[in-house]
Amino acid sequence: MGSTSSDVVGAERALERLFRLTVSRRMYSRQSAAVGAVVTRAGYAVLRSVEQAGELTMTELARECSMDPAAAGRQVRSLEEDGLVERRSGADDARVTVVRLTPEGRSVYGRIVEVRTAHLDEVLSGWSGEDRAALTALVDRLVDDLKAVPFRPVRTTDTTSTPAPEELA
């Protein structure tokens, strides 16, 4: 593993636990049951972004949700089929598609926010206000840094390596 410090290894392990928890089917099922609606994580990102902006073009939506345009289109189509968003032509340019929440979409989004914030409030109930503020600041900082710092290949002294896909053929 080279010269990676133990605190970085510990942070990576802790984040891996968090990431696994956030994609857990069990957690997702419990949240969906509490909300009374099934919305994927990506669908939630779309609802949140559109709710905050009022309406977004598909290009803006893809950028806001860090999705490629095709993925954003699939999410919008699914949410539209569920009656949570609607698409229409832009007021200034009919070639532009604009997405906005339906009344049901606003209701479902509100319930998701209520369930998630109530759950987090309960989870953090034993934490001091100072710890909560530190968590928020550190997570925001981490997200900004994860976006800003590119992945780089790591040179190792390990003589065993995983063969490239073309070497396996």
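Helix 2 and helix 6 cross with a right-handed sense. In this predicted model, helix 2 spans residues 25-35 and helix 6 spans residues 103-123. Their axes come within 9 Å and cross at roughly 120°. Angles of 65 to 115 degrees count as roughly perpendicular and those over 145 as roughly antiparallel, so helix 2 is oblique to helix 6.

The contact itself is formed on the helix 2 side by M27, Q31, A34 and V35. Facing them from helix 6 are V108, R111, I112, V115, R116 and H119. By residue class, this contact comprises six nonpolar, two polar and two charged residues.

Attention may now turn to the empty space in the model. Rolling a probe the size of a water molecule over the atoms shows where such space is left. The largest pocket holds about 2300 Å³. It is lined by 39 residues, of which L18, T22, R41, R116 and V139 are the closest to its centre. R116 also belongs to the contact of helix 6 with helix 2.

Several elements each give two or more residues to this lining: helix 1 (6-22), helix 2, helix 3 (41-53), helix 6 and helix 7 (129-148). Helix 7 provides the largest share, with nine residues.

Note on methods:
Residues numbered from 1 in each chain as written. Predicted model: local features only at pLDDT ≥ 70, side-chain atom pairs only at ≥ 80, totals over all residues. Heavy atoms only, no water. Axes fitted to C-alpha atoms, helices over the stretch in contact; angles between N-to-C directions. Helix = DSSP H or I, 4+ residues; strand = E, 2+ residues; numbered from the N terminus. Parallel < 35°, antiparallel > 145°, perpendicular 65-115°, else oblique. Left-handed = near helix turned anticlockwise from the far one by under 90°. Contact = heavy atoms within 4.5 Å. Nonpolar A, V, L, I, M, F, W, Y, C, P; charged D, E, K, R; others polar. 1 Å grid on protein atoms, 1.4 Å probe; cavity = no way out; pocket = protein on both sides within 12 Å on 5 of 7 lines; lining within 4 Å. Points joined across faces, edges and corners; volume = space filled by probe spheres on them.
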